[in-house]
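Please look through the sequence and the three-dimensional model shown here before reading on.

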Amino acid sequence: MDSSPTAAPAAMQAPAPPLEDCLRLLRGERDEQKLAGLLVAAKVCHAGDAAAVVEVYRAFGPRFLRRLLNTGLGKVEGGKEEEREAYLRLAVTVLAGLARVPEVAADEGVVSVVPLVAEVVSKSTDPAITEECFELLSLIAMSSEDGVYKFCEPGVMDMVFLQISSLPDGSKCIELAINLLRLLVDKLRVENMSVEKLQGMTSMVSCLARLFGVLHTAVKFDALHMLTALLSRKESPLHDSLRSMPSSIWESHIRVGITAVLQNRVVSSEKLHALLLAECMMSILDENWLLEDHKIPDNQNVMPVDKFVLLVLESARIEVAVLLNELAYLKYESSNTSQTDDGISQKQRNLAILFALIERIIKMISNASSGEGAPAQTISESTIMQAITGLNETTSLVLDFLQDAKDHGQRKGDDLLAAVRVVGSYLAEAPYACKEKTRHLLEFVFSIEGQDEPSPFYSICFMLPMLSQITMEADGCRTLASFGGYKTVIDCLIKMTEQDGVIDSGSMFLACDTIINFMSNRKNAHIPLESCFIRLLQALVTWAGTTDASSVIMTASSLCTMVLDLTSEEFLLSCSDFDSNTLGSLSELIVRSLHQDIPPDDREQFNQKQVVVSGYRRWADRFPRIKKFVEEHASV
C-alpha cells in the first residue's frame with residue numbers, strides 16, 4: 001500500500017459528501033480510492049445512520065480492512081513507521097464505527113478480525129488506539145455467539161488481556177478492558193467447548209488470577225467477582241482444563257489475592273467472595289490446595305502455609321458467627337417481613353458457601369492428621385490443634401442455631417439442613433465433640449427437612465458417620481433408643497435401597513453398621529419386632545439381590561440374621577405386610593453369604609460371617625423353610 005491517510009483530520013472536519021460518492025470511492029480498484037473512501041466512511045459511521053453503515057460495509061467488505069490491519073502491524077513489507085500507525089488507526093476507527101451496528105458487528109468478516117485486533121492491543125503503545133480496540137472487541141462480543149467464542153481461539157485471550165495490569169489505574173483503557181472481561185465471563189459457556197477453546201478459557205482465568213493477585217486497586221475486586229463467577233459453575237469442563245494446566249502460577253496468584261482480601265479491612269461481601277473463591281479452588285484442585293506452597297517470582301511476601309490455613313478458617317468462622325446471629329434475628333425477631341424474606345435468602349446462600357468451605361477444611365485437617373493424601377506441604381501439630389479448637393467452637397455455634405430453630409418450632413429449611421450437614425461432617429471426624437448438645441438435639445435433628453423434602457431423609461444421612469461410631473458403645477445406643485432413633489435410621493436405610501443409585505453405597509453401609517452396632521449392644525435388652533424391621537428384611541434382600549459384591553452380601557446377610565433372631569417364621573408369615581416370597585430370598589441370601597470366600601486379611605467380613613453362622617444356629621429351628629434350603633445348598 002503506497003498511499004498515506006495522513007489527511008484524515010482534514011477530511012473529518014469537511015462537510016460529509018453524498019453517500020453515493022463515498023460508496024463509489026470504496027468500490028474503486030485502486031488503494032488510493034479505497035483509502036479516500038474510508039476517510040469519508042469514518043464520518044458516515046459516526047453519524048449513526050445504520051442503513052448507511054451497512055451499505056458502506058458491503059461496498060468494500062472486510063478484506064481491505066484486514067489488509068490495512070496487517071500493514072499497520074508490519075506484516076506487509078513496505079511503508080514508513082508513521083504510515084503504518086496511520087493505517088492501523090484508520091482501520092481500527094472504521095471498524096469500531098461499523099461495529100456500532102449490530103448487523104455489521106455480527107458479520108463473519110468482522111468477527112474474523114478479532115485475532116488481529118487482539119494483536120493490535122498487545123503491541124500498541126497508543127492509548128487512543130487501544131481504547132478503540134477494546135470498544136470494537138466489546139461490540140463484536142455483544143453482537144453474536146460466534147463473536148464471543150472467537151475470543152477462545154488460541155492466543156487471543158493472552159494478547160487481549162496480558163497487558164491489563166500495566167494499564168493506568170482509572171484510565172478509559174482499563175475501564176473498557178474490564179467491561180470486555182465481564183462481558184466474556186457472562187456470555188461464554190464451556191459446556192460444549194472444544195479442547196482448543198477451553199484453553200482460551202484457561203488463559204482468561206490465568207489473566208484474572210494475575211490481576212487479582214498483583215493489583216491493589218478496584219480492579220482487584222472486579223477480578224475476584226469474575227473468578228468466582230467462572231469457577232463456581234459446578235461440574236464444569238473448565239475445571240478439568242485447569243487441573244491439567246502445566247503451570248500452577250495462577251493458583252499462587254489466587255492464594256496471594258485471597259490473603260490480601262482477608263488480611264485487610266474490606267467490606268464483608270468482598271471477604272465472602274474471597275472465601276467462595278477458596279472453596280472453588282478446593283473443589284477444583286482438592287482440599288490440599290490450601291496446603292500448597294507455590295512461590296511467585298518477585299513476590300517475597302507469600303504467607304506461610306500454616307498461617308494461610310488459619311487465616312482462611314478464622315475468616316470463615318467469623319463470617320459464620322455473624323451470619324448465624326443475623327439469620328436468627330431476621331427469622332425470629334424482625335417485624336419487617338418484606339425486607340426479611342430477601343435478607344434471609346441472601347444470608348442463607350452466603351451461609352451455604354461458608355459451610356461448604358468449612359466442610360472442605362474439616363476434610364483437609366482430617367487428612368493432615370491421619371497422614372492421608374500427599375500434600376505439597378504439611379502443617380504443624382499446633383496448627384492442627386488450633387484448627388480443631390476453632391472447629392469445635394463453630395460446631396457449638398451451629399448447634400445453638402439449631403437449638404434456636406427447635407425453640408421456635410422451625411424444622412424445615414435449606415439453611416437448617418446445611419447446618420446439620422456441616423455438624424455431621426465435623427462429628428464424623430470427632431464423634432464425641434459437643435457431646436451433650438448433640439445428644440440433646442439428636443431427635444430434633446432427625447426431624448429436619450430441606451425446603452423441598454417431603455420428609456426427613458438427608459438430615460439422617462448426614463449424621464450416619466457419627467452414629468456408626470457412637471453406637472459402638474452402649475451409651476450411644478441408649479441415646480438412639482431414648483427416642484426410637486434406630487427406627488428412623490432403619491426407615492432411612494429402606495429409602496436408600498429405593499433410590500436406585502442416587503445415594504452412595506457408603507451411606508448405606510454406614511446405616512447398616514449403625515443398626516448392627518445397635519442390635520449387638522442391645523442384645524441383653526428386649527427389642528420389639530416392629531413393622532420397620534419387616535420392611536428392612538425385604539429391603540435388604542432386594543439390595544443384595546442386585547449385586548455380587550461380597551461386601552454387600554455379607555453386610556445384608558449379617559443384618560438379616562440379627563433381625564431374624566428377634567422372631568420366627570410362623571410370626572412373619574402371620575404379618576399382613578410380609579411377603580412370603582421374601583423367605584425364599586432370605587434363604588438364598590444366607591446361602592450366598594456362606595459360600596463367600598473371605599480373604600484372610602478381611603477381618604470385617606470374617607466377623608460378619610461369624611455373625612451369620614452363629615445367628616443361623618440359634619434360630620434355624622424357628623425357620624424350617626430357610627433351614628431346609630440352607631441344608632440342601634450349604635454346609636454350616
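Predicted model: local features only at pLDDT ≥ 70, side-chain atom pairs only at ≥ 80, totals over all residues.

Residues are numbered from 1 along each chain as its sequence is written, and side-chain values use heavy atoms, with hydrogens and water left out.

## Helices that pack together

Helices here are DSSP runs (H or I, at least four residues), numbered from the N terminus. Axes are lines fitted to C-alpha atoms, for helices over the stretch in contact, and angles run from 0 to 180 degrees between N-to-C directions. A crossing counts as left-handed if the near helix is turned anticlockwise from the far one by less than a right angle, and as right-handed if clockwise.

| Helix pair | Angle | Axis separation | Crossing |
|---|---|---|---|
| Helix 2 and helix 4 | about 20° | 8 Å | right-handed |
| Helix 9 and helix 12 | about 20° | 9 Å | left-handed |
| Helix 20 and helix 22 | about 45° | 10 Å | left-handed |

Angles under 35 degrees count as roughly parallel, over 145 as roughly antiparallel, 65 to 115 as roughly perpendicular and the rest as oblique. Helix 2 (residues 19-26) and helix 4 (residues 50-72) pack at an angle of about 20°, which makes helix 2 roughly parallel to helix 4. Contact means heavy atoms within 4.5 Å, and between these helices L19, C22, L23 and L26 of helix 2 meet A52, E55, V56, A59 and F60 of helix 4. For the classes, Ala, Val, Leu, Ile, Met, Phe, Trp, Tyr, Cys and Pro count as nonpolar, Asp, Glu, Lys and Arg as charged, and the others, Gly among them, as polar. The contact of helix 2 with helix 4 accordingly has eight nonpolar residues, no polar ones and one charged residue.

Helix 9 (residues 127-143) and helix 12 (residues 172-187) also have an angle of about 20° between them, so helix 9 is roughly parallel to helix 12. Among the residues of helix 9 that take part are F134 and L137, and helix 12 contributes residues including L176 and L180. This contact of helix 9 with helix 12 divides into eleven nonpolar, two polar and three charged residues.

Helix 20 and helix 22 have an angle of about 45°, and they are therefore oblique to each other. Their contact includes S396, L399 and D400 of helix 20, together with K437, T438 and H440 of helix 22, among others. By class, the contact of helix 20 with helix 22 has six nonpolar, four polar and three charged residues.

D306 lies in helix 18 (residues 305-332). Although D306 and S380 are 74 residues apart along the chain, their C-alpha atoms are separated by 7.2 Å. Leaving aside its neighbours within four places in sequence, D306 is in contact with T378, I379, S380 and T383.

On a 1 Å grid over the protein atoms alone, a cavity is a set of points where a 1.4 Å probe fits but cannot get out, whereas a pocket is an open set with protein on both sides within 12 Å along at least five of seven lines, and lining residues have an atom within 4 Å of a point. Grid points are joined across faces, edges and corners, and a volume is the space filled by probe spheres set on the points.

There are three cavities of 30 Å³ or more. The largest cavity holds about 160 Å³ of space, and, of the 13 residues that line this cavity, Y432, K435, R439, I470 and T479 are the closest to its centre. Helix 22 gives the most to this lining, with four residues, and by class the lining has six nonpolar, three polar and four charged residues.

The second largest cavity has a volume of about 60 Å³, and its lining includes F355, I358 and Y426. Helix 20 gives the most to the lining of the second largest cavity, with four residues, and this lining has eight nonpolar, two polar and no charged residues.

The largest pocket contains about 880 Å³ of space. Of its 31 lining residues, E359, R421, G424, S425 and F462 lie nearest its centre. Helix 19 gives the most to the lining of the largest pocket, with ten residues, and the lining divides into 15 nonpolar, six polar and ten charged residues.

Methods: Helix = DSSP H or I, 4+ residues; strand = E, 2+ residues; numbered from the N terminus.
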